[in-house]
Every structure is written in C-alpha cells, then in structure tokens.
Amino acid sequence: MKKIAIQGTLGSYHDIAAHKYFEGEEIELICCTTFEDVFKAIRKDSQVIGMLAIENTIAGSLLHNNELLRQSGTQIIGEHKLRISHCFVCLPEEDWSDITEVNSHPIALMQCREFLQQHPNIKVVEGEDTARSAEMIKEGDLKGHAAICSKVAAERYGMKILQESIETNKHNFTRFLIVADPWQVDELSRYHSVVINKASMVFTLPHTEGSLSQVLSILSFYNINLTKIQSLPIIGREWEYQFYVDVSFNDYLRYKQSITAITPLTKELKILGEYAEGKSNI
C-alpha cells in the first residue's frame, strides 16, 4: 500500500487527483493542513509520496510551492492534470432561500467569482480547504451556510447539491506534482514503467544582459520545448531571480545534452525531477 500525503481532507481535489493518478492501486491518504506539512510527512517517513498542486489554468502558479519543492530535496516523479468543477452545496434540509454565507478555499472562491456576483446577498468567507468547508458545515449543523467543493466531497459528507459546475471558466484545470524522497525515485519509476519526456528545473543567472536569452536559445537549438517559466526574487539579493522552468522533449539524450550546454551559463542549476508528462483528465 502506498502512503500519499496531500493538502486537504477526504473529498478534496488533492484526494481526487491522488486516486486518479494511482488508479487501481491501494493507497492510504495522509491528510495535511498545509503544504509544509506534506513535506514534513515525507521527511518523517521516506516511504511517503507527496502530491501538491503547482498551478491552475485560471489562478496561475502556486509560487510558494515552487520554493517548498526546491528546499525539500524531494524529486518530482510524475504529474496529473485534473479538471476542476465546483458545486454549491448546503445541508440536506435547506434550500436557496436559507443560505446567508458560503465557505471555501480562496482559490475556489476566485474561480467562481461570476457565480458569487449573481448572489450578492450571500456573505463570502475563506476557509482552509474546499472539502473541509463542507465537512465543517455538516459536522456543526451550520444552518444558513453553504460550501463550494467537489461533487465527491458533497456526496462524502451528505450535502445537498444546489448547483453544479459553477466555476466561471469551464476549462479549469489544476496541475498536480507527485514528489518523493530521491531514494524512492528509481523504484517508483520502474513500477510505473513511464517514458520520461518532461523535466522541471530551477537555476539562477548572472545579472548581465542577455543571460536568459542565451539559455533559451540553447534549449531551442536542442529542440527542447519550454512549457513554463516562472521567476521568483531571491530574498536578500536585490534584483536577482530564480527561474523555475519546465521543459518537454521527445529525445532524452538531446535533453541531457542541452542541460550540459546551459550549465556553464547558469548558477545553482538543480533538476527538480524528470518524469512523464501528464494528460489532461476530463
């Protein structure tokens, strides 16, 4: 049985993504309050695998998770892209006329902004997790309260679904990374028999003109597809940045050659993981 640490509780989107990525396998979820706790669980037990959201097609990147990943020493072993569809739910005996407050994670609330604007009389309150919001309402019998969460969470906690698919953009996907202790990477990769065609890395560059364009030109020369680039300021070093980069490729040897070629141009280059590109789950 695989032990998977997730941020959130049962019925959360992390829960759904974990079961879809490890479909057909027996897994035990370790539910964590924060993403920091996910990495603590891995440090405590090297057999634990972590799953964390890294970016959303609407909300963008979860910048803090990039830094947590870099500092953790874990390696990315895979990714999963999950279609996010939100439901507006309440206690079974209540209806629209009873609702005065809605609770959910701030990103979920942002993704349902147009829906919420149609209900200006409902107070919006941020919570730590979508599924946890539904769980708290049911456990506390909080009348007048609604939650925004997944259909899975609504069914798990016996909530009434007042409306489905309330997200503003129906092309709402979250990309999750699966991370593990470096000692476990080879064994897990062999078990899943994956074809490696994607990599994530982080590096810094000298504060000189054209330093980034030189790196990008070399990646292009080796036919490496840049799928994401994100810069984060280096605390305490004014106007210096770390660059988090995702690349995809068809030829692993060419990819390795490109890394060798850009290494002299970068500082502190670190490969965060080499893995199989995830497919969008509808």
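Glu79 is buried at 3% relative accessibility, where buried means under 20% relative accessible area, exposed over 50% and partly exposed in between (1.4 Å probe, protein chains only). Helices (H or I, at least four residues) and strands (E, at least two) are DSSP runs, numbered from the N terminus. The side chain of Glu79 also meets that of Lys198 in a salt bridge, at 3.1 Å from N to O.

Arg175, buried at 6% relative accessibility, forms a salt bridge with Glu55 as well, at 2.9 Å from N to O. Since Glu55 belongs to strand 3 and Arg175 to strand 11, that pair ties together parts 120 residues apart in sequence. Glu55 itself is partly exposed, with a relative accessible area of 22%. A network of salt bridges links Glu55, Glu79, Lys81, Arg175, Lys198, Asp246 and Glu277, and the structure holds 18 salt bridges.

## Basis of the model

This is a predicted model, in which local features need pLDDT of at least 70 and side-chain atom pairs count only at pLDDT 80 or more, while totals for chains, interfaces and linings use all residues. Residues are numbered from 1 along each chain as its sequence is written, and side-chain values use heavy atoms, with hydrogens and water left out.

## Contact of domain 1 with domain 3

An automatic or database domain assignment gives the bounds, and the chain is divided into domain 1 (2-84 + 172-191), domain 2 (86-163) and domain 3 (198-275). The contact takes 17 residues from domain 1 and 15 residues from domain 3, contact meaning heavy atoms within 4.5 Å. The area buried between these two domains is about 1300 Å², of which carbon and sulfur atoms give 48%; buried area is the accessible area (1.4 Å probe) that two parts lose on being put together, summed over both. Asn66, Arg70 and Ile76 supply 40% of the area that domain 1 buries against domain 3, more than any other three residues.

Between domain 1 and domain 3 the count is two salt bridges. On the side of domain 1 that touches domain 3, strand 3 (49-56), helix 3 (63-72), strand 5 (75-83) and strand 11 (173-180) each supply at least two residues.

## Buried polar residues

Asn65 is placed in helix 3 and is buried, with a relative accessible area of 2%. A polar atom of the Asn65 side chain lies 2.7 Å from the backbone oxygen of Ala53. Not counting residues up to four places away in sequence, Asn65 touches Phe35, Leu52, Ala53 and Ile54. Helix 3 is followed by Gly73, whose phi is positive, near 80°.

Ser104, in strand 7 (residues 101-104), is buried with a relative accessible area of 0%. The side chain of Ser104 reaches the backbone oxygen of Ile148 at 2.7 Å. Leaving aside neighbours within four places in sequence, the residues in contact with Ser104 include Leu109, Val125, Thr130 and Ile148.

Technical notes. A salt bridge is a side-chain nitrogen of Lys or Arg within 4 Å of a carboxyl oxygen of Asp or Glu. A polar contact is a pair of N or O atoms within 3.5 Å; within protein, one must be able to donate a hydrogen and the other to accept it, and residues adjacent in sequence count only if both atoms are side-chain atoms.
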